[in-house]
Amino acid sequence: MTTADFRLEHDFLGEREIPNQAYYGIQTLRALENFAITGIPLSSEPLFVRALAFVKKAAALANHELGVLPADIAQGIAAACDRVAAGEFNDHFPTDMIQGGAGTSVNMNANEVIANVALEIMGHQKGEYQFCHPNNHVNCSQSTNDAYPTAFRIALSLKLVSYSEGLGELAEAFAAKGDEFRDVLKMGRTQLQDAVPMSMGDEFRAFATNLREELSRIEDSRRLISEINMGATAIGTGVNAPNGYAELVTRHLSTISSLELLLAGDLFEATYDTGAYVQLSGVLKRTAVKLSKICNDLRLLSSGPRCGFNEINLPAQQPGSSIMPGKVNPVIPEVVNQTAYYVIGADLTVTMAAEAGQLQLNVMEPVISFALFTSISYMSNACRTLREKCVVGITANREHAAELVYGSVGIVTQLNPLLGYEASAGIAKEALKTGKSVHDIAVTERGLLTQKKWDEIFTFENLIRPDFIQ
């Protein structure tokens, strides 16, 4: 490149050459040099970029209404924000997701890009900041300490919408299988031992119920993160912001984002508090734990095919071994298990980062944002993958599952009301010792009940919805 391919920018640390095609500026360049941590840029979270543009546009509109930003600059910033929010400049947000400075580099990345886009809209060149300055104009009445967390919360709220949809669709897929398997008899198990009979439909409907519970927890978390601290500026005093700005910018931001945002009642507390993130992270962890448990069950129920439970068949997605011909593994539940482990670990990261806040600010918010953004993305992907590549294609081995029930010692529990616990325990003991069936011992050998009574007790309906029979 020649010198004509660069522009010279300065900050209070000195001067640097910036590529002319770049819309970011000197502070973004310093961040690129200082924070080569994850290799995952801010642009990988387009909703965060979009939310930053929302914040900057709302600030520009509020500042103009309050007389602290000229109309032409405010209009230029607002127009630039619209283009940034539309994703036109995502490639110009290269800062690493994990960084020092409490998110200052992210905030300045947004300020610089929006300023340079606004300059071009206004008929100027990039870097001619005397006409629209990243700090003086785009960041007017703001600090990283209110702009960054506000954008973060908006992005989280938007991201949770698609995650909730994916989780809901997965729950519905399990519910559909519950309807499909409603007439499949199988043995229930506790502590990996035979328990009592049940319907496979009830088992799969329970999976659906288990996941549906999480949807309301997600909405609770969205309500918590809807409280923002715009107007707090540095620590909550509102320094450098005009009177009435906090309320006005919040109203503008609610309109722009189409979210019901609420200005925090205590801006000092809201500027350092990360409790809402801990709550959301806990919800993600809770769902991950539930989802992983369900995947454990799917792996067990499909184990075999000849030497395991073999009650269900998972769709075959790929050969399972480089040495064992014909082996097919439950790879989809396995990958969801591993995703859950990541999310569970990320929750600990959020917990430690939230605890690390000191005095009027928590500088660890970038790693909190990274942990929550990745967890939501990974959980969304896991829900979609499990639904599309596993759940919808599950089939039941009906005859085999029923044979396991009638060959099980566990069905002796149905005889307790009629024969009493002691007599039933004696039948179970002999069945386990001899390998004889409960039916042969109770009906044929001991004559403890008639075949008619046996048939009454051991109907499909009575096994899955037992009546009290004496």
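Mentor: Let's start with S141, which counts as buried because its relative accessibility is 5% (buried is under 20% relative accessible area, exposed is over 50%, and partly exposed is in between, using a 1.4 Å probe and protein chains only). Before going on, keep in mind that this is a predicted model: local features need pLDDT of at least 70, side-chain atom pairs count only at pLDDT 80 or more, and totals for chains, interfaces and linings use all residues. Residues are numbered from 1 along each chain as its sequence is written, and side-chain values use heavy atoms, with hydrogens and water left out.

You'll find S141 in the loop between α5 (134–138) and α6 (helices are DSSP runs of H or I with at least four residues, strands are runs of E with at least two, and both are numbered from the N terminus). The backbone of S141 has a phi near 65°, which is positive even though the residue isn't glycine. Most residues other than glycine have a negative phi. N240 is another non-glycine residue with a positive phi, near 75°. That one sits in the loop between β5 (227–228) and α8 (245–257), and because its relative accessibility is 68%, N240 counts as exposed.

Now step from the loop of S141 into helix α6, which covers residues 144–180. The axes of α6 and helix α10 (residues 275–301) come within 13 Å and cross at roughly 20° (axes are lines fitted to C-alpha atoms, for helices over the stretch in contact, with angles from 0 to 180 degrees between N-to-C directions). So α6 runs roughly parallel to α10 (angles under 35 degrees are roughly parallel, over 145 roughly antiparallel, 65 to 115 roughly perpendicular, and the rest oblique). Their crossing is left-handed (the near helix is turned anticlockwise from the far one by less than a right angle; clockwise would be right-handed).

Who meets whom there? On the α6 side are P149, F152, R153, L156, L160, Y163, L167, L170 and F174, and they meet A276, Y277, L280, L284, T287, L291, I294 and L298 of α10 (contact means heavy atoms within 4.5 Å). By class, the contact of α6 with α10 holds 15 nonpolar residues, one polar and one charged (Ala, Val, Leu, Ile, Met, Phe, Trp, Tyr, Cys and Pro are nonpolar, Asp, Glu, Lys and Arg charged, and the others, Gly among them, polar).

Next, the largest nonpolar core: it has 107 residues, and F48, F174, L298 and L386 make the most contacts inside it (such a core is a set of buried Ala, Val, Leu, Ile, Met, Phe, Trp, Tyr and Cys residues joined through side-chain atoms within 4.5 Å). Helix α6 gives the most to this core, with 16 residues. F48 touches L42, V106, Y148, A151, F152, A155 and F373, leaving out residues up to four places away in sequence. There's also a second, separate core of 20 residues, with V412, I441, I457 and I464 among them.

L415 touches I457 too, along with G420, S424, I427, V438, A442, L449 and F458, setting aside neighbours within four places in sequence. L415 is in the loop between α13 (398–406) and α14 (416–419), and it counts as buried because its relative accessibility is 0%.

R222 belongs to helix α7 (residues 200–224) and, with 18% relative accessibility, counts as buried.

Finally, look past α10. In the loop between α10 and β7 sits P305, joined to G304 by a cis peptide bond with omega of about 5°. Most peptide bonds are trans. E311 lies in the loop between α10 and β7 (312–313), and because its relative accessibility is 0%, E311 counts as buried. Beyond residues up to four places away in sequence, E311 touches several residues, including K186, R189, L301, N397 and H400.
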